[in-house]
Amino acid sequence: LAFIRQSRNLGFPLDAVRELLTLADDANQPCEAIDRIARVHLAEIDRKIADLSALRTELDRVIGSCSHGTVADCKIIETLAPRAHE
């Protein structure tokens with residue numbers, strides 16, 4: 001259970017955890033397959049970080065455009081629902 005818990009703490013999806021458990025059963029085999037699974041997961045994490053970074057940049061830009069006026073002139077609302085003011 002500790003293996004599963006630690007794998008999940010590192011964000012491995014359940015299918016990868018299952019595969020890692022299966023591979024871990026044979027201690028004498030080379031670890032290339034395990035390395036491949038970890039590298040695929042790392043690439044997915046890097047992709048998510050890039051997506052979140054872009055999202056943060058865009059949200060920061062929208063918040064920065066706020067002129068602290070009324071809701072009718074709110075750039076955040078305008079960005080979320082551009083047709084709301086038409």
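Contact is defined here as heavy atoms within 4.5 Å. By this criterion, and leaving aside neighbours within four places in sequence, serine 7 is in contact with Phe12 and Val17. The structure is a predicted model, in which local features need pLDDT of at least 70 and side-chain atom pairs count only at pLDDT 80 or more, whereas totals for chains, interfaces and linings use all residues. Residues are numbered from 1 along each chain as its sequence is written, and side-chain values use heavy atoms, with hydrogens and water left out.

Serine 7 is placed in helix H1 (residues 2-9); helices (H or I, at least four residues) are DSSP runs numbered from the N terminus. Serine 7 counts as buried, at 7% relative accessibility, where buried denotes under 20% relative accessible area, exposed over 50%, and partly exposed the range in between (1.4 Å probe, protein chains only). A polar atom of the serine 7 side chain lies 2.8 Å from the backbone oxygen of phenylalanine 3.

Not counting residues up to four places away in sequence, isoleucine 37 touches Phe12, Ala16, Glu19, Leu20 and Leu23.

Isoleucine 37 also lines the largest pocket, together with Gly11, Pro13, Asp15, Ala16, Glu19, Arg36, Val40, His41, Glu44 and Lys48. A pocket is an open set of points on a 1 Å grid over the protein atoms alone, where a 1.4 Å probe fits, with protein on both sides within 12 Å along at least five of seven lines; lining residues have an atom within 4 Å of a point. The largest share of the lining, six residues, comes from H3, and H2 and helix H3 (32-64) each supply at least two residues.

Leucine 55 is likewise placed in helix H3, and counts as exposed at 54% relative accessibility. Leucine 55 and isoleucine 37 are 18 residues apart in sequence and 27 Å apart in space, C-alpha to C-alpha. Isoleucine 77, in helix H4 (residues 75-80), is partly exposed, with a relative accessible area of 35%. The C-alpha atoms of isoleucine 77 and cysteine 66, eleven residues apart along the chain, are separated by 10.0 Å.

How values were computed:
A polar contact is a pair of N or O atoms within 3.5 Å; within protein, one must be able to donate a hydrogen and the other to accept it, and residues adjacent in sequence count only if both atoms are side-chain atoms.
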